[in-house]
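Trainee: I am new to this structure and would like to know what stands behind the words used for it. Can we go through them one at a time?

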Amino acid sequence: MRLKISLLKEPKHQELVSCVGWTTAEELYSCSDDHQIVKWSLLTSETTQIVKLPDEIYPIDLHWFPKSLGIKKQTQAENFVLTSSDGKFHLISKLGRVEKTVEAHCGAVLAGRWNYEGTALVTVGEDGQIKIWSKTGMLRSTLAQQGTPVYSVAWGPDSEKVLYTAGKQLIIKPLQPNAKVLQWKAHDGIILKVDWNSVNDLILSAGEDCKYKVWDSDGRPLYSSQPHEHPITSVAWAPDGELFAVGSFHTLRLCDKTGVVLLLVKLTTPIWFTCWKVTSVNSSQVYISSVPESSQTEWSYALEKPSTGSIFNIAWSVDGTQIAGACGNGHVVFAHVVEQRWEWKNFQVTLTKRRTMQVRNVLNDAVDLLEFRDRVIKASLNYAHLVVSTSLQCYVFSTKNWNTPLIFDLKEGTVSLILQAERHFLLLDGGGIYLYSYEGRFISSPKFPGMRTDILNAQTVSLSNDTIAIKDKADEKIIFLFEASTGKPLGDGKLLSHKSEVLEIALDQKGLTNDRKIAFIDKNRDLYITSVKRFGKEEQIIKLGTMVHTLAWSDTCNILCGLQDTRFTVWYYPNTVYVDRDILPKTLFERDASEFSKNPHIVSFVGNQVTIRRADGSLVHISISPYPAILHEYVSSSKWEDAVRLCRFVKEQTMWACLAAMAVANRDMTTAEIAYAAIGEIDKVQYINFIKDLPSKESKMAHILMFSGNMQEAEIILLQAGLVYQAIQININLYNWERALELAVKYKTHVDTVLAYRQKFLETFGKQETNKRYVQYGEGLQIDWEKIKAKIEMEVAKERERSSSNQSSQNTGLKH
């Protein structure tokens with residue numbers, strides 16, 4: 001990935017350019033100390049002076065009124081706020097007319113920002129005050145008063161908090177009075193710029209200590225750069241939160257959200273950029289790291305570029321493909337993000353120019369060039385399809401044929417996310433969420449109250465063949481679940497609610513809809529799994545692991561991987577937690593992950609290959625065993641004999657443990673017996689033999705459910721089959737005395753049996769009866785064990801007779 005730099009030979013401004021701002025992806029406004037506001041058209045390469053401000057107005061900061069979601073026409077969206085050195089801010093129209101001027105601060109107004117809804121404006125100044133204004137410029141409140149100038153300000157993602165600078169400190173102040181204020185020392189010099197991204201909820205800061213830093217919203221440090229030659233004068237997040245740009249004297253950097261420098265551009269003669277080196281190679285992995293700036297080999301890719309001075313302000317275009325920088329020598333520098341790469345199996349796609357992609361098949365080194373009418377904004381390569389969104393259209397390519405893409409028009413050109421599943425793909429833009437088939441047919445568009453698509457990303461939206469999951473940003477403990485085919489809430493419309501905030505979600509990709517599972521990581525970094533099918537009763541949310549930082553499902557089978565603290569963990573069969581939680585540790589594969597350094601991220605899990613991005617930006621490929629995926633395939637096709645043969649061939653405990661859990665889940669107790677015996681679970685082998693000897697299929701099913709811990713479902717099956725005594729007996733066996741007596745009294749049978757077993761239990765432990773109900777029903781009752789045994793034998797005989805009768809009826813039906 002790199003930046004393609006554009007800079008005019010002669011600057012259009014005579015003085016320092018203080019601020020820039022995009023109206024559309026092709027139009028930019030710039031303000032300068034020469035009092036001019038200039039409009040730049042990238043389509044026609046023309047510049048136009050919009051207005052010449054009075055000589056006493058020296059612009060400092062500019063911010064366009066946000067475009068409201070789903071509203072195409074809005075007059076105020078054509079306005080911007082301009083702060084100036086005379087203590088005022090000005091609301092100016094797109095045509096250059098000053099709509100309103102407001103006396104705001106004593107001394108210069110150093111920054112002004114609209115909130116995300118456009119309902120409020122925050123300004124900060126040399127007087128150390130932070131003020132909140134209405135959208136018409138009426139003062140609402142003075143949020144805070146500092147003793148030092150406040151150089152920069154940013155809104156929190158929910159527009160309920162404000163982040164501002166105070167010397168070397170960063171402060172997050174909620175709008176609610178008496179709410180807790182968060183403050184921490186962030187730099188060793190005065191902080192000049194901050195930015196807070198609404199999608200990833202991360203904070204950027206830059207200061208006179210020549211460093212830029214990345215923080216989470218609780219003020220915890222995630223990344224700190226090395227000291228640079230000059231103070232960092234500007235930072236800005238890309239709209240989707242994946243990249244950010246850093247500006248300094250003669251310097252522009254493009255960085256990944258983890259902080260690593262993807263590209264360094266020295267805006268002098270010549271321009272240099274960051275290069276990479278391979279550090280080690282083995283049979284399954286390639287390790288790559290960035291070369292430190294001090295030791296970089298200098299590769300010149302452009303000559304005779306004029307210097308720019310300090311870059312005082314950086315603005316990203318709405319679609320996140322372009323950067324504009326306000327330069328100290330009167331220039332406005334433009335940079336376009338190119339050479340992005342997407343990989344899937346043997347295909348590599350590279351964005352070589354704004355409208356051109358190169359596809360390379362590494363198996364035969366065949367190369368295809370894909371030309372587009374408009375600028376490429378987003379792309380995704382997965383499931384044998386390449387989906388590309390331009391500013392006006394969506395292109396769908398099949399990896400089997402790159403020559404004839406399917407093309408359809410987009411409702412809105414600013415696609416911020418593309419997600420793919422095997423059968424369809426999802427587009428997310430400022431107007432909504434849209435699901436399309438790979439044939440270009442519109443399928444559905446899910447909606448929910450308070451939906452804000454501008455703050456969703458790949459960690460908060462997940463797609464499978466039948467389900468769409470979206471984390472609620474208003475209440476981060478909630479996950480919305482929708483049917484992919486209709487866009488309606490899944491099941492009975494019940495939301496998935498967790499006890500703490502959810503950070504990342506992921507749906508499994510294979511299997512039936514009824515078995516669909518969602519895995520998620522919460523704020524405590526605990527990994528949970530639960531079913532998306534939610535009818536009536538609360539589905540169990542079960543913990544799979546702790547200290548999990550990132551996760552991904554395989555695209556070919558339901559295998560889950562994650563990075564746990566210092567370990568890379570693969571859950572070969574996560575559903576084991578629903579079947580037999582005791583053997584879950586035996587179904588895991590673990591290896592040391594300390595080599596991935598701090599804050600690694602799983603990029604993809606394709607087949608048996610996991611791609612991990614390390615904190616320094618390098619990609620590491622890990623190959624896991626292919627045998628568990630083959631086992632999943634055999635089980636899904638009910639090829640149990642093949643599955644057993646595979647396990648005997650591989651001779652690994654993890655395979656046998658997975659097969660044991662799979663067999664129980666699919667009610668194949670013969671295979672389960674073999675698998676449990678192979679891993680030494682003798683007690684469970686004995687219980688399986690007991691189950692196999694039970695007279696009726698209802699009893700077998702109930703005991704299989706009990707084996708998996710589903711006591712309530714087991715009882716329901718027995719009661720529905722009329723096997724009341726058996727339902728009572730399983731409660732007695734589990735010492736669930738209250739429920740056993742409740743069933744006996746309700747169905748008026750075997751009350752004496754329950755009382756007899758209770759009495760025997762108490763005698764064993766030398767205790768007296770204290771339960772009032774048992775005292776009530778046991779008063780004056782004489783226990784006759786011979787009579788009770790006869791009744792039990794009669795119940796067993798009745799069950800056998802019933803089972804034989806049912807079997808005979810089925811055989812007669814088959815003959816006819």
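Trainee: Why is D526 called buried?

Mentor: This is a predicted model, and every value here is computed from it. D526 has a relative accessibility of 11%. Buried means under 20%, so D526 counts as buried.

Trainee: What makes D526 and K543 a salt bridge?

Mentor: The closest N and O atoms of D526 and K543 are 3.6 Å apart. The cut-off is within 4 Å, for a side-chain nitrogen of Lys or Arg and a carboxyl oxygen of Asp or Glu, so the pair qualifies.

Trainee: Why is the pair said to tie parts together?

Mentor: D526 sits in the loop between β48 (517-522) and β49 (527-531), while K543 belongs to strand β50 (residues 542-545); the two are 17 residues apart in sequence, so parts of the chain are tied together.

Trainee: Is K543 buried, exposed or partly exposed?

Mentor: K543 has 40% relative accessibility. Exposed means over 50% and buried under 20%, so K543 counts as partly exposed.

Trainee: What makes D319 and R375 a salt bridge?

Mentor: Their closest N and O atoms are 2.3 Å apart, and the limit is within 4 Å. This pair links distant parts of the chain, 56 residues apart: D319 is in the loop between β28 (311-316) and β29 (322-327), and R375 is in the loop between β34 (366-371) and β35 (376-382).

Trainee: How do you know whether D319 and R375 are buried or exposed?

Mentor: D319 has a relative accessible area of 8%, and R375 has a relative accessibility of 4%. Buried means under 20%, so D319 is buried and R375 is buried.

Trainee: What makes R452 and E117 a salt bridge?

Mentor: The closest N and O atoms of R452 and E117 are 3.4 Å apart, against a limit of within 4 Å. The two are 335 residues apart, with R452 in the loop between β42 (442-444) and β43 (461-463) and E117 in the loop between β10 (109-114) and β11 (120-125).

Trainee: Which words describe the exposure of R452 and E117?

Mentor: R452, with a relative accessible area of 17%, is buried, since buried means under 20%.

Trainee: How many salt bridges does a search of the whole structure find?

Mentor: The search finds 35 salt bridges.

Trainee: What makes D580, D582, K586, E681 and K684 one network?

Mentor: Their salt bridges share partners, and that joins these residues. E681 lies in the loop between α5 (669-678) and α6 (682-692). At 14% relative accessibility, under the 20% limit, E681 counts as buried.

Trainee: How do you know that the buried residues of α8 line one face?

Mentor: The buried residues of helix α8 (residues 711-720) are M711, A714, E715 and L718. Viewed down the helix axis, these buried residues fall within an arc of 95°, so they line one face of α8. Q712 and Q720 are exposed on the other side of α8. The buried residues pack against α7 (697-707), α9 (724-733) and α10 (737-747).

Trainee: What makes the buried residues of α3 one face?

Mentor: Helix α3 (residues 640-650) has the buried residues W640, A643, V644, L646, C647 and V650. They fall within an arc of 160° seen down the axis of α3, so they line one face. The face turned away from that buried side carries the exposed residues E641, R648 and F649. The buried residues of α3 pack against α2 (627-636), α4 (653-665) and α5.

Trainee: Which residues line the largest cavity, and how are they classed?

Mentor: The lining is formed by L410, K411, E412, V415, L427, L428, D429, Y434 and Y436. Six are nonpolar, none polar and three charged. About 60 Å³ of space lies in this cavity.

Methods:
Residues numbered from 1 in each chain as written. Predicted model: local features only at pLDDT ≥ 70, side-chain atom pairs only at ≥ 80, totals over all residues. Heavy atoms only, no water. Helix = DSSP H or I, 4+ residues; strand = E, 2+ residues; numbered from the N terminus. Buried < 20%, exposed > 50% of the residue type's maximum accessible area, 1.4 Å probe, protein only. 1 Å grid on protein atoms, 1.4 Å probe; cavity = no way out; pocket = protein on both sides within 12 Å on 5 of 7 lines; lining within 4 Å. Points joined across faces, edges and corners; volume = space filled by probe spheres on them. Nonpolar A, V, L, I, M, F, W, Y, C, P; charged D, E, K, R; others polar. Arc of directions from axis to C-beta. Contact = heavy atoms within 4.5 Å.
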